[in-house]
Amino acid sequence: MNRVLAVRFVLWLAALIFFGSIIWSMFYETLLPLLRAEQWLAFFTNLLGLPLILIGTAAMCWGLWLFLRDTATFTNTSEWRSTQAQIHQIKIQGAERKAAQRKVLGLAWAGWKPSAVWLAGGLGLIAAGGILSNLG
């Protein structure tokens with residue numbers, strides 16, 4: 001049990017250092033030069049846009065994690081396996097095969113919907129942050 005906590009601590013520490021270095025870089029290489037040059041519009045648009053990009057990136061990473069986790073979950077269900085076995089039988093043709101394929105697609109979409117929302121939301125935040133950062 002202690003080993004799991006130690007690994008979790010190290011992963012959180014690595015994530016904190018990684019995101020902290022990104023935030024430091026955004027401040028030191030983008031915001032501080034704009035502040036020194038007194039380019040106020042560019043400073044404030046970047047002050048809002050850069051965190052949106054970072055949050056959008058985190059949302060996309062979370063969406064990818066959900067996608068992988070949920071794919072592993074729903075492909076291990078008995079319903080998925082039996083439908084896949086039914087599709088791959090040579091003797092099944094026509095409407096019965098198409099119905100099984102639609103069932104598989106429905107199961108896949110039901111499993112992937114939460115991750116698709118996170119991925120699309122993250123992409124939207126990245127786009128909005130990029131547009132906002134380039135206004136100034």
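Of the 136 residues of the protein chain, 21% count as buried. This value, like the others reported here, comes from a predicted model. The accessible surface of the protein chain amounts to about 9800 Å², and 72% of that area is supplied by carbon and sulfur atoms.

The protein chain contains four helices and zero strands, and its elements follow one another from the N terminus as α-α-α-α. The radius of gyration is 23 Å, well over the 14 Å given by the globule rule for 136 residues, so the protein chain is more spread out than a compact globule. The C-alpha trace spans about 75 × 45 × 15 Å along its principal axes. Contacts within the protein chain also reach across the sequence: among those between residues at least 6 apart, 71% join residues at least 24 apart.

Attention can now turn to helix α1, which covers residues 2-36 and includes Leu13. Leu13 belongs to a nonpolar surface patch of about 530 Å², to which Phe9, Val10, Leu16 and Ile17 also contribute. With a relative accessibility of 39%, Leu13 counts as partly exposed, because this value falls between the 20% limit for buried residues and the 50% limit for exposed ones.

Seven aromatic pairs are present in the structure. In one of them, the ring centres of Trp24 and Phe27 are 6.2 Å apart and the ring planes meet at 45 degrees, so this pair is tilted. Both residues lie in helix α1, where they are three residues apart, or about one turn of the helix. Trp24 is exposed, having a relative accessible area of 53%, while Phe27 is partly exposed at 38%.

The pair formed by Phe74 and Trp80 has another geometry. Here the ring centres are 5.1 Å apart and the planes stand at 70 degrees, so the pair is edge-to-face; the cut-off for this class is over 60 degrees. Phe74 is buried, with a relative accessible area of 9%, and Trp80 is buried as well, with 14%.

Note on methods
Residues are numbered from 1 along each chain as its sequence is written. This is a predicted model: local features need pLDDT of at least 70, side-chain atom pairs count only at pLDDT 80 or more; totals for chains, interfaces and linings use all residues. Side-chain values use heavy atoms; hydrogens and water are left out. Patches are made of residues with over 30% relative accessible area and no salt bridge: like charges are joined within 9 Å, nonpolar side chains (Val, Leu, Ile, Met, Phe, Trp, Tyr) within 5 Å. Accessible areas come from the Shrake-Rupley method with a 1.4 Å probe; for residues, only the protein chains shown count as cover. A salt bridge is a side-chain nitrogen of Lys or Arg within 4 Å of a carboxyl oxygen of Asp or Glu. Helices (H or I, at least four residues) and strands (E, at least two) are DSSP runs, numbered from the N terminus. Buried means under 20% relative accessible area, exposed over 50%, partly exposed in between (1.4 Å probe, protein chains only). Rings of Phe, Tyr and Trp (its six-membered ring) pair if their centres lie within 6.5 Å; planes under 30 degrees apart count as stacked, over 60 as edge-to-face and the rest as tilted. The radius of gyration is taken over C-alpha atoms; the globule rule is 2.2 Å times the number of residues to the power 0.38. Contact means heavy atoms within 4.5 Å.
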